[in-house]
Each structure stands twice: as C-alpha cells, then as structure tokens.
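Here is a short briefing to read alongside the model.

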Amino acid sequence: MKLFWISPFLLLLIHTGNAVSAAPTRVKIPKDNTPYTAASSWPDRIIVTPTETPATSFSITWRTDQTVGSSLAQIIKASPDARYDINTNTLKANTQSVSLSHGENSLGKFSYPENAQLSPVNYHGMTFKGLQPDTLYNYRVSGALSQWSSWQQIKTAAQQTNSDVEFLYFGDAQNGIHSHWPLVLRRAWQHAPKAEFAIYAGDLVNEGANDQQWSNWLNAGRFIHGMLPAVLVAGNHEYDWQVHNKKQKKWALSTLWQDQFILPPAPTLPSELQETVYVTRYPDIDVYVLNSEALGNVELLQAQAQWLDENLQHSPAKWRIVTMHHPIFSSCGMPLNSPGQDEPDVRAAFLPVFLKHNVDLVLQGHDHTYSRGSIGTADDITKVASPETAKKVKSVFVTSVAGPKTYPQKPTRWQEYREYGVTLERIGENTPTYQIIKKVGDQLTFQSFTTDGKLYDGFTLVKDQDGQNTLMVETYLPLQRTFVNTGPYKNHLDLAE
C-alpha cells in the first residue's frame, strides 16, 4: 500500500469555500448549532465602551425584554468594605425600544430576515461622567424592579502623561464566534490582566444584522466586556442587507450597531459615520477609529481624512494609533489565482494623513492573515527591520486575525506597494493571534501571541526627543508560519457563526 502526503496548503486550495475549484458545485456543510438566550426582565449583554475622556467617564449598554420600560444603574468608588454598596449613586438610564426584525430609514421601511422570529427588545444605556482619574469603581445595572446584575469593577484611565498603558488588539473574530473566538478572548485577558481597553478591528460577527451572532459575540466576553472597555471598529460584516419593499436591498451599517453600543460622537462628520469614527484618549496615547467600509464613497473617506488631519494637528499625545478594518496595504491572497485584495481608495484617502503626522501604529483586520510592515525614513527607506537591523520608521502597519477563518498571503508580498516605500517584514498564515501592546515611557512595545500563548511576533518603537521612532524587532522569534509548515486547514464553513 502506498501512502500519499498532501500539504495543508493544497488542502486549503481544494476545500476553502472561496477557492476556484474544478468541481462545478459546492458541497453544503452543516453548521454547528449555538444557543440563543432571549431577552428577559433581567439585564444581560452588558458592555462597557470608552468615551473620548476615559479618565473621567465611561459608557455602558445592556439589554432587557420590553417589560422593562425604564432601568437604573448604580456606581460607587471601590472600597474594601463588605457593604461598599450602601451609599451608591443611582442614575436613570436612557431606554429605547428596538425591533430586531424591522427598521426604517430614508428609503422607507425595511426588514432583517435573519431576525424574523425574534421579539422586540429594550436597550438601556448611559455614560457615567465626572469620575476621578485612575480610580477603581464598582457598578451594576438593573432590569425589572429589584432585578440587578452582579457588581462589576472598572478602572478609569490615569491623566498623568507618564503613566504606563497596556491594551489588547484583535483582528477579525467573525466565524466560530461561539466555538473558537471565546478561547482567544479569554486567553488574551488572562495574559494581560492589567489591560485598560481592547481594540476589536472590525468583523466582530459575520452578518451584522443577525442577532444570533451578536448573542454569540457578546456572550463570549460576558464579564470581560463589563470590565474591559471595548474600542469597536465597524468592518464590512457589521454592515448588512436591509430588505425593502419589492425586495430591493440596501447595504448599510446594521442598526443593531448603534442600538447595542454607545460610542463617542464626531459632530463634524456626516450622520452615516457617527459612532464609527471617533477618538479615545489615554495617557499620552490617542487612539483614532476610522470607518474604512465607506468604500465607493470617496466623499465619506475624505471627510474622515480631514477629520483625522485636524485631530492629529491638535493632538498633544506622544503616541498616535489608528485602527480601522481594511488594511492600507493588503496581504490577502483571495480569491485564489488572482491578484488578491486591495483598497486603493482607502489608501489614497488615509495614507497621506498618516505620513504627514507620522502616525506610529496602524492596527487593521479584514485580510484573515497576519502581516507586519513599515515605512522607513528617507535614510532607512530600503531597510528591512529584523532582530539584527534597527530601522528608523514613519509608521508601522499590522494586520491580524483572531478567528478560525484564515486566508493565504499574496504571493507578491507587497511588491506592488514598493512606490510607497513600505516593506513587508513578517507574515503568518493559518494562525489566529491576539496582541498585547504596552506604552512605558518613551517606548511602545508590541507582542503578538498564538492561541496557545506563545510569542509569534514582537517589536519595540523607541521615540527620541525629536519624535523620531526607531523600530527594533525581538530576537528569537519562531519561524514564519505558512500553510505549508502548519497543521491542516479544512475551512471555516462548518463552524457555527
């Protein structure tokens, strides 16, 4: 008997749902089931989101059924007393009734077929203001009378610019958000218990209007979402089809996004971008969130670019980080046997602003693969950063994926972007990761870990007195992972959403 070995990459070509195959039909793969918890009179889906000033405020939302017409929240400074709750401050939340299956916009009434059988719910939310910086608070929220959540803790950001800051960054979860994604999130939280916030760089779910998937994503975090402010980025999968009369469809940001989350406003921007473009400011770090899914609408992209330019001009922060969904330089090699993906409109709008202000770090998703590259200064434009070679840089660009849906890298390895002076310096295929980023003094340290907690990539940016960054890559990094040298990859089509 002869035994034949087939490489994992070949299996990817054969089995991935996006591949061009010799077979004319696609086999239907049954998905795993996931539980769905309907809303009740008890509060659930509690999630904290940052304001522009997280040193003195934070926002929170939660869900109940429609029997709860109004809701309360309580907050008090944490103390070691057994009954710390005796003198709590009680506040009334804002409440809105939300239909999960229907909505209305300028084009008229529309439906979300995925939620056709789901009953309306109430979402409650509020922003705690006037808090003390660098202070631990206890809070809880209510449903019906005397039906309270358990107490949770959250710490406000410090105000001193020299304070250390640590945070998490995740690429797309999107698929396997009941089966695989919770492990990644919990592993990261265990690894970085001092993290002050987490960036989710878009495609949290696969279908933005599907409440079952939002149930899975929010339940994956549970108490983590109640303690770790979520910096949320709208990806293309947070958009969905709104079905109008005569079966007309409109592609738009799911109304569930703004129903479920309170995010900072950007008053100068069009209504289509509200709560998808914003800034949150931690000690000597400004984090800017952009909406790259405004594809095909150059005016919306340019409006964001102008907003970002103005904000960066007035930012006193030493470190400026941008996060968005679509990469400036795409690494995705899908569809197979094609040039892969690229977003020239996004690059044309945003890259000049990044380089004008020397944005330190750009954190992205969408490509379902890992990549890190940088644009060097004029003197170091041709250098490749490595453990042996430090490099003076203008900006560093990272793309990662957190879920089990992974794609191959482009075979061109960013050669088509050579005119921009960017160099691709590390890749990873078939490898979900989570990232821990720390600001300590004049250094910003970035580490990427595989889901078994092992270091996969790491570098440090050192900023001198003139604001110039030097990129230094960690030593003893493992070999780059590709579909050829990793374990087998089936596909993601049988995973529960």
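A polar contact is a pair of N or O atoms within 3.5 Å; within protein, one must be able to donate a hydrogen and the other to accept it, and residues adjacent in sequence count only if both atoms are side-chain atoms. This is a predicted model, so local features need pLDDT of at least 70 and side-chain atom pairs count only at pLDDT 80 or more, while totals for chains, interfaces and linings use all residues. Residues are numbered from 1 along each chain as its sequence is written, and side-chain values use heavy atoms, with hydrogens and water left out.

**Helix H3**

- Helices (H or I, at least four residues) and strands (E, at least two) are DSSP runs, numbered from the N terminus.
- At the start of H3, Asn210 places a side-chain oxygen within 3.0 Å of the backbone nitrogen of Gln212.
- Buried means under 20% relative accessible area, exposed over 50%, and partly exposed in between (1.4 Å probe, protein chains only).
- Helix H3 (residues 211-221) has nine of its 11 residues buried, so it is largely enclosed by the rest of the structure.
- Those buried residues are Asp211, Gln213, Trp214, Ser215, Asn216, Trp217, Leu218, Ala220 and Gly221.
- After H3 comes Arg222, with a positive phi near 40°.

**Aromatic rings**

- Rings of Phe, Tyr and Trp (its six-membered ring) pair if their centres lie within 6.5 Å; planes under 30 degrees apart count as stacked, over 60 as edge-to-face and the rest as tilted.
- By this rule there are 28 aromatic pairs.
- In one of them, the ring centres of Phe128 and Tyr139 are 6.5 Å apart and the planes meet at 50°, so the pair is tilted.
- Phe128 belongs to strand S8 (residues 121-128) and Tyr139 to strand S9 (residues 136-141), so this pair ties together parts that are 11 residues apart in sequence.
- Phe128 is buried at 1% relative accessibility, and Tyr139 is buried with a relative accessible area of 1%.
- For Tyr288 and Trp307, the centres are 6.1 Å apart and the planes lie at 80°, so the pair is edge-to-face.
- This pair links distant parts of the chain, with Tyr288 in strand S17 (residues 285-289) and Trp307 in helix H6 (residues 298-313), 19 residues apart.
- Tyr288 is buried at 0% relative accessible area, and Trp307 is buried at 7%.
- One aromatic cluster is formed by Phe170, Trp181, Tyr200, Trp214, Trp217, Trp257 and Phe261.

**Charges over rings**

- A charge sits over a ring if NZ of Lys or CZ of Arg is within 6 Å of the ring centre and within 35 degrees of the ring normal.
- Arg140 lies over the face of Trp148, 4.3 Å from the ring centre.
- Arg426 has its charged end over the ring of Tyr456, at 4.3 Å from the centre.

**An open sheet**

- Two strands pair if DSSP finds at least two bridges between them.
- Four strands make up an open sheet in the order S4-S3-S9-S10, with antiparallel pairing.
- Its edge strands, S4 (89-92) and S10 (152-155), each pair on one side only.
- Strand S3 (residues 72-77) pairs with S9 in the antiparallel sense over five bridges, and Ile76 has Asn138 in S9 as its bridge partner.

**Salt bridges**

- A salt bridge is a side-chain nitrogen of Lys or Arg within 4 Å of a carboxyl oxygen of Asp or Glu.
- By this rule the count is 17 salt bridges.
- Asp309 and Lys356 form a salt bridge, their closest N and O atoms being 3.2 Å apart.
- Asp309 lies in helix H6 and Lys356 in helix H7 (residues 344-356), so the pair ties together parts that are 47 residues apart in sequence.
- Asp309 is buried at 17% relative accessible area, whereas Lys356 is exposed at 52%.
- Asp342 and Arg347 meet in a salt bridge at 2.8 Å, N to O; Asp342 is partly exposed at 31%, while Arg347 is buried at 7%.
- Glu416 pairs with Lys410 in a salt bridge, the closest N and O atoms being 2.8 Å apart; Glu416 is partly exposed at 32%, and Lys410 is buried at 3%.
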